[in-house]
Amino acid sequence: MYPGFLHLIDILGSFAFAVSGAFSAMQRKLDLFGTLIISFVTAIGGGTVRDLLVGNVPVSWLHNGNTLLVIFFSAIITMLFGSKLRQFNTALFVFDALGLGLFTIVGFEIGMQKGFSPAICIALGTISACFGGVLRDVLLNKVPLIFQKEIYALACVGGATIYYFLYRSALHGDLSRVICILLIFAIRIIAVRFKLSLPRVYLK
Amino acid sequence: MYPGFLHLIDILGSFAFAVSGAFSAMQRKLDLFGTLIISFVTAIGGGTVRDLLVGNVPVSWLHNGNTLLVIFFSAIITMLFGSKLRQFNTALFVFDALGLGLFTIVGFEIGMQKGFSPAICIALGTISACFGGVLRDVLLNKVPLIFQKEIYALACVGGATIYYFLYRSALHGDLSRVICILLIFAIRIIAVRFKLSLPRVYLK
Amino acid sequence: MYPGFLHLIDILGSFAFAVSGAFSAMQRKLDLFGTLIISFVTAIGGGTVRDLLVGNVPVSWLHNGNTLLVIFFSAIITMLFGSKLRQFNTALFVFDALGLGLFTIVGFEIGMQKGFSPAICIALGTISACFGGVLRDVLLNKVPLIFQKEIYALACVGGATIYYFLYRSALHGDLSRVICILLIFAIRIIAVRFKLSLPRVYLK
């Protein structure tokens, strides 16, 4: 369905998400099995929540052996070469940001195909991209990172909103997708580079 | 489907649930986005769990833009006027108790329409009303409040049980609904007024 | 569908899972209602997650009054006789291990009926058997035990893998099931007896 470069982003994104899950699990000193599960949950959790909400069952990863293999080997590699992999932080950040963009688009498009309103499609895109990390943090007994730090989910909301207008325009589908992915990517780079984050609103 | 006053309770209940979610999030010092998500999860989480369990997909809030707007503005208002809103604690408690009643009924009725046994329908009503708060607490990394304090879920179980008998009787539907909502409302008031709570059963 | 002894294992397994849930809840000093909920979640959570993932809705326990009754009375008994029940730790361990085996098979078979790949069926069996405990720990605000200690999920993976080969062989269905249950049972006994656990992979 998608051309090759989107498949590549899918693989790189799944890799980055799975590695981030394995890192978090290893910091919590989980065992081999626990680390594997957290890798999977981080990489496929967002798509799973989206599929369940819209009634896309069996959920997509049950039929998607290739992605599961990518995640499995990503987790194994992280467990074997964890300390070394951390030297490639920048690469992992890039893959994660690209994956964030692609997963947002996938969620958005599933919403459009099902005929939901634009706001719901944007929400579904954001859920697809972000809720794997939410489930990871819940399973590791932490308040989800994306509720507290950095601009992460907001990048998806922004990218999906722009994508909605591109989607409606006469622009070719893949071109729109690339623009959206690059936009989310750029927001992430800027947010991390300039340490931007959303304001917190306490109760006094 | 429902007359105006039930719609009004729906809006007031969603408002109270969203505000309670936003307050909890703000106490945890989440950022804007996190606070918004916790508001939504608190208000629609119970119905979402119920819809998923019975196979009511796409889950109802995906098609219910009005409720989402109410929740969105409730969260924004709470973030803007949090300290002032707390002066209206009594009003919020009243709205919450009314919402608890209505959401119990909605869950119960969906169960009956699907032909489940009365006990399951009572459970579905209770889940609809209470699991938003459970998800809120899980996401905020706390043991769910309703497992520990006050009579909250039990009010729903009691109200739904009475409603079952009213449902079977010749009584007019809306009258039954009002009685059930008032009953759950009364149990909540009495429980909080007299600081009633369920016994805890420790292991010695 | 199943002969009597598998029904018996189902009841004993549900009993053991519900008791383990009630014990965990009582250690956290939850109230009556919270303890009841944790019992249910522990006993039916795994099957619920599996049913949701494969689209088996309404999820099976909504139609399975007998299991719910077993769980309900298991929780009540644990609350009433908790300290005494702990003297039967060995019996509870045996029931839990038998239940683990049976629930793995049930999940595996549902996967095969739906036409999933063997690896997915093994995963579904493991999820059915283990995710009740995961949800229990998440609701009690702990990192899931099975991600950290002992060989638990791995017993299911091992048992389900063997079962796959038995399933394909000419062996009679019930005989295969018994072998698989006994195998998972044996792995659990050996793991606990010799304090075996999976290695943890930290980040230095």
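This is a predicted model: local features need pLDDT of at least 70, side-chain atom pairs count only at pLDDT 80 or more; totals for chains, interfaces and linings use all residues.
The axis belongs to a rotation of 120°, with 0.0 Å of shift along it, which superposes chain A on chain B with an RMSD of 0.0 Å. This is the relation of a three-fold axis. The comparison of chain A with chain C gives a turn of 120° and a shift of 0.0 Å along the axis, again with an RMSD of 0.0 Å. In that superposition, Asn141(A) has the C-alpha of chain A nearest the axis, 3.7 Å from it. The copies use different surfaces, as 12% of the contact residues of chain A recur in chain C. For the pair of chains A and B, only 12% of the interface residues of chain A are also interface residues in chain B, so these copies meet through different surfaces.

The fold of the single chain is described next. Chain A contains 7 helices and 0 strands. Along the sequence, its pattern is α-α-α-α-α-α-α. The radius of gyration of chain A is 16 Å, close to the 17 Å that the globule rule gives for 204 residues, so the chain is as compact as a globular protein of that length. Taken along the principal axes, the C-alpha atoms of chain A fill a box of roughly 50 × 50 × 30 Å. Of the 204 residues in chain A, 53% are buried. Among the contacts in chain A with a separation of 6 or more, 70% are accounted for by residues 24 or more positions apart.

Thr78(A) is found in helix H3 of chain A. With 26 C-beta neighbours inside 10 Å, Thr78(A) counts as buried, because the cut-off for a buried residue is 20 or more such atoms. Leaving aside its neighbours within four places in sequence, Thr78(A) is in contact with Val19(A), Ala22(A), Phe23(A) and Leu85(A). Thr78(A) and Thr35(A) are separated by 43 residues in sequence and by 9.6 Å in space, C-alpha to C-alpha. His7(A), in turn, lies in helix H1 of chain A. With 13 other C-beta atoms within 10 Å, His7(A) is partly exposed. His7(A) and Leu124(A) are 117 residues apart in sequence, and the distance between their C-alpha atoms is 20 Å.

Chain A touches both of the other chains. The contact between chains A and C takes 25 residues from chain A and 25 residues from chain C. On the side of chain A that touches chain C, at least two residues each are supplied by helix H1 (4-27), helix H2 (32-54), helix H3 (65-85) and helix H5 (118-139) of chain A. The largest share of this side, 6 residues, comes from H2(A). By residue type, the side of chain A that touches chain C divides into 15 nonpolar, 7 polar and 3 charged residues.

The contact between chains A and B takes 25 residues from chain A and 25 residues from chain B. Here the elements of chain A that give two or more residues to the side touching chain B are H2, H5 and helix H6 (153-168). H2(A) provides the largest share of the side of chain A that touches chain B, with 3 residues. The residues of that side divide into 16 nonpolar, 5 polar and 4 charged.

Helix H2 was also examined in chain B, where the helix covers residues 32-54. H2(B) has 23 residues and reaches 33 Å from its first C-alpha to its last, close to the 33 Å expected at 1.5 Å a residue. At Ile44(B), H2(B) bends by about 55°. Of the 23 residues of H2(B), 22 are buried, so the helix is largely enclosed by the rest of the structure. Just after H2(B), Gly55(B) takes a positive phi of about 85°.

Conventions
Residues are numbered from 1 along each chain as its sequence is written. Chains are lettered from A and ligands numbered from 1 in the order in which they are written. Helices (H or I, at least four residues) and strands (E, at least two) are DSSP runs, numbered from the N terminus. The expected span of a helix is 1.5 Å times one less than its number of residues. The bend at a residue is the angle between axes fitted to the seven residues ending there and the seven starting there. A residue is buried if 20 or more other C-beta atoms lie within 10 Å of its own, exposed if 12 or fewer, and partly exposed in between; C-beta atoms are placed from the backbone. Two residues are in contact if their C-beta atoms, placed from the backbone, lie within 7 Å. Ala, Val, Leu, Ile, Met, Phe, Trp, Tyr, Cys and Pro count as nonpolar, Asp, Glu, Lys and Arg as charged, and the others, Gly among them, as polar. Copies are superposed by least squares on the C-alpha atoms of residues with pLDDT of at least 70 in both. The radius of gyration is taken over C-alpha atoms; the globule rule is 2.2 Å times the number of residues to the power 0.38.
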